[in-house]
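Here is a short note for a colleague opening this structure for the first time. Please read the points with the model on screen.

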Amino acid sequence: MLVLYGSETGNAAELAEVLGDRIRRMQIDCKVLPFGMVSVSDLQANKYVFVVCSTTGQGVLPGNAYPLWTELLKASLARDTLQSVRFGAFGVGDNAYKQFNWAIRKIYTRFVQLGATSFVARSEGDEQNPDGVEIVFDQWMDNALQVLATELKIEDILPVTAQLPPKYKICFGTSPKVDKALLKAKVAANDRITAPDHFQDVRHIKLDPEHPVKYEPGAVAYLYPSNVSVHVDALLDYQGWNDIADKELHVDEKWVELLSRPLVQPVTLRSLFTWHLDLNGIPRRSFFKLASNFCSGNEAERLAEFATTEGIDDLYNYANRPRRSVIETILEFESIKIPFEYILDLFPLIWPRAFSIASPTNQPTIELCVALVKYKTILKRGRKGLCSRYIETLLPGDEIGITIEPAPISIESKLQADQAVILVAAGTGIAPVRSLLHTLKNHKAPIFLFFGCRFEHKDYLYGEEWKQMAEATDLTVFNAFSREGGGYVQNQIEAAAEKITAYLPTALVYLCGSSGSMPRAVREAFVDVLKRTRHLDEETAAKVMAYKEKHRTFIEETW
Ligand SMILES: Cc1cc2nc3c(=O)[nH]c(=O)nc-3n(C[C@H](O)[C@H](O)[C@H](O)COP(=O)(O)OP(=O)(O)OC[C@H]3O[C@@H](n4cnc5c(N)ncnc54)[C@H](O)[C@@H]3O)c2cc1C
Ligand SMILES: Cc1cc2nc3c(=O)[nH]c(=O)nc-3n(C[C@H](O)[C@H](O)[C@H](O)COP(=O)(O)O)c2cc1C
């Protein structure tokens, strides 16, 4: 049996692990793997396949769902390719995105087209749902497993308290070397570009890669952060692992395959806890479930409770609301004694962090515009994002490893010489927009930039560049300084209706920034512009925008 996940930051992967654990308790042999790691013939070889998949980008499948997804889309596949497969599908998405849960819907449709039978109704979790995704997932999982137990006549189910053997082996020895390597890049600059008294520290970062890299506006650089040594040392100390911390280890190849970065050599407990296993993230249910086996008395009960459906509120109050990290959780439970052989099962992996490239097409020095994540929890504890902490300490001359993901669409090759461009960016959403603006410095048609931030003199990112560009080219800038009475970008768009209306239907519109309420508000503002200035009714104006989206003259890059 296969449990496959498509996951960008671990949410769907976690649900797949929870499901895999329940299936193993039914004493069924089951593999939990990224969707993209298996082939069509692997699907055919399994009577039951579960798919848990999030949606990323604008309605696309996560990177680790490929190459299987490409293989499944081949027109040459016969309509009965998956006829022997019975499957269950669960989606993880966010209703704030227009393409809500598109990835799982696409997978579901394709499986059915290829003859597979869905044996439990597809279900979809929504991050906007105040009850969270877990409750919906648990209901779906319970239904699915009930059907499975009936079909396979399984009665003997191990209790949730029974400890299963480790999934991944780890022992003293050497680990095989892996060929894959990250692209090495030297930090050339790491400068704060917001005012010193502004609440947010935004960095302009310049990276010189070891060899030239090709990219276009919309491309993303992935950074691979590490845990800080105080956390690593605290864990090694607390668990009494100091004596073995630097001994070389052999780790399971199945686990190595799951890594998004090459295994850092030599492999030791210290290197694993520095580069691969996340101590800074918020522990999820599978962590509490397994950790409960390594505690005693009340502590074991409490941790086990967090992993149940009934315990979700308690888990949320203990871990999510106060943003308690893995390391803090471990240090709070006095009786916890983690058996060495369960390390790879217990600790979540560090996921790479995405940053849009802010420099123009193929510029040798890659530039990024990064807002460092720093905040206070409800317990008034200071928090820094894992990657933010890593970036904050980078100095010119430091070498880091990165990867580059190409832009989902080549805007440059799509754009006509006489086509106007409307750019909308809020905060660090300016990064891909800056890349495009510099790339289009010789563009002949008008360019409009709507930029939103709080204050003109605190966080007006690259304001000087826009002033100079506006003087030298056909660029018109509309700023929304929200704390100075300037409203938000959507208000500026509405106010500029007469200036942009002639261009809007044919212009290329590029909207970038946070995924909250901004993208929807901007779309509504454009509809409003069309209604007021072109006297269209709501439905027709909305159709114009939908047409633009479909034909990719309205492109969104939000996160
Ligand atoms: C395609 C893409 C492109 C991106 N481009 C850029 C870019 O160009 N520039 C940029 O700055 N960012 C960009 N981001 C966002 C960036 O990836 C994240 O900000 C980054 O991953 C944070 O990593 P971290 O390790 O510092 O934080 P993490 O340790 O991952 O912590 C982030 C988490 O902290 C929590 N958090 C943050 N603030 C608060 C708060 N005030 N209260 C409570 N909890 C909070 C949230 O749950 C958040 O998910 C992009 C994201 C994507 C997906
Ligand atoms: C850049 C980005 C794009 C997203 N796009 C969509 C989308 O188009 N539709 C959707 O339903 N959810 C979307 N989401 C929400 C994710 O699916 C959701 O956060 C999910 O929990 C991520 O799970 P994962 O960690 O397994 O990838 C997006 C999230 C991000 C960060």
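1. Start with the record. An unreviewed UniProt entry lists residues 1-145 under "domain: Flavodoxin-like". Keep in mind that this is a predicted model. Over residues 1-145 the chain is 35% helix and 21% strand. The end C-alpha atoms of that stretch are 12 Å apart.

2. Next, turn to ligand 2. Which residues come nearest to ligand 2? They are Ser7, Glu8, Thr9, Thr55 and Glu127, out of 22 residues around the ligand. The shell is made up of 14 polar, five nonpolar and three charged residues.

3. Look at the polar contacts of ligand 2. A polar atom in the side chain of Ser7 sits 2.5 Å from an oxygen atom of the ligand. Thr55 uses its backbone instead: a polar atom there is 2.6 Å from an oxygen atom of ligand 2. Asn101 also takes part through a backbone N or O atom, 2.8 Å from an oxygen atom of ligand 2. On its own, ligand 2 has 640 Å² of accessible area, and the protein covers 86% of this. Helix H1 (11-25) and strand E4 (86-93) are the elements that give two or more residues to the shell around ligand 2.

4. Now find Thr81. It is placed in the loop between helix H3 (68-72) and E4. Is Thr81 buried or exposed? Thr81 counts as buried, because its relative accessibility is 10% and the cut-off for buried is under 20%. A polar atom of the Thr81 side chain lies 2.5 Å from the backbone oxygen of Ala78. Leaving out residues up to four places away in sequence, Thr81 touches Val40, Gln44 and Leu114.

5. Move on to ligand 1. There are 19 residues around ligand 1. Arg323, Ala354, Ala371, Cys387 and Ser388 come nearest. By class, the shell holds twelve nonpolar, four polar and three charged residues.

6. Check which elements build this second shell. Strand E12 (353-356), strand E13 (366-371) and helix H14 (386-392) each supply at least two residues to the shell around ligand 1. Which element gives the largest share? That is E12, with four residues.

7. The polar contacts of ligand 1 deserve a look too. Arg353 brings a polar side-chain atom to 2.8 Å from an oxygen atom of ligand 1. For Ala371, a backbone N or O atom lies 2.8 Å from an oxygen atom of the ligand. At Leu386, a polar backbone atom is 3.0 Å from an oxygen atom of ligand 1. Ligand 1 exposes 1000 Å² when taken alone, and the protein buries 65% of that.

8. Last, go to Thr553. This residue belongs to the loop between helix H21 (538-550) and strand E21 (554-558). Why does Thr553 count as buried? Its relative accessibility is 15%, and buried means under 20%. Which residues does Thr553 touch, not counting those up to four places away in sequence? They are Gln419, Ala507, Leu508, Val509 and Lys548.

How values were computed:
Residues are numbered from 1 along each chain as its sequence is written. Chains are lettered from A and ligands numbered from 1 in the order in which they are written. This is a predicted model: local features need pLDDT of at least 70, side-chain atom pairs count only at pLDDT 80 or more; totals for chains, interfaces and linings use all residues. Side-chain values use heavy atoms; hydrogens and water are left out. A residue is near a molecule or strand if one of its heavy atoms lies within 4 Å of it. A polar contact is a pair of N or O atoms within 3.5 Å; within protein, one must be able to donate a hydrogen and the other to accept it, and residues adjacent in sequence count only if both atoms are side-chain atoms. Accessible areas come from the Shrake-Rupley method with a 1.4 Å probe; for residues, only the protein chains shown count as cover. Ala, Val, Leu, Ile, Met, Phe, Trp, Tyr, Cys and Pro count as nonpolar, Asp, Glu, Lys and Arg as charged, and the others, Gly among them, as polar. UniProt positions are given in the numbering used here, feature names are shortened, and annotations may be inferred rather than shown by experiment. Buried means under 20% relative accessible area, exposed over 50%, partly exposed in between (1.4 Å probe, protein chains only). Contact means heavy atoms within 4.5 Å.
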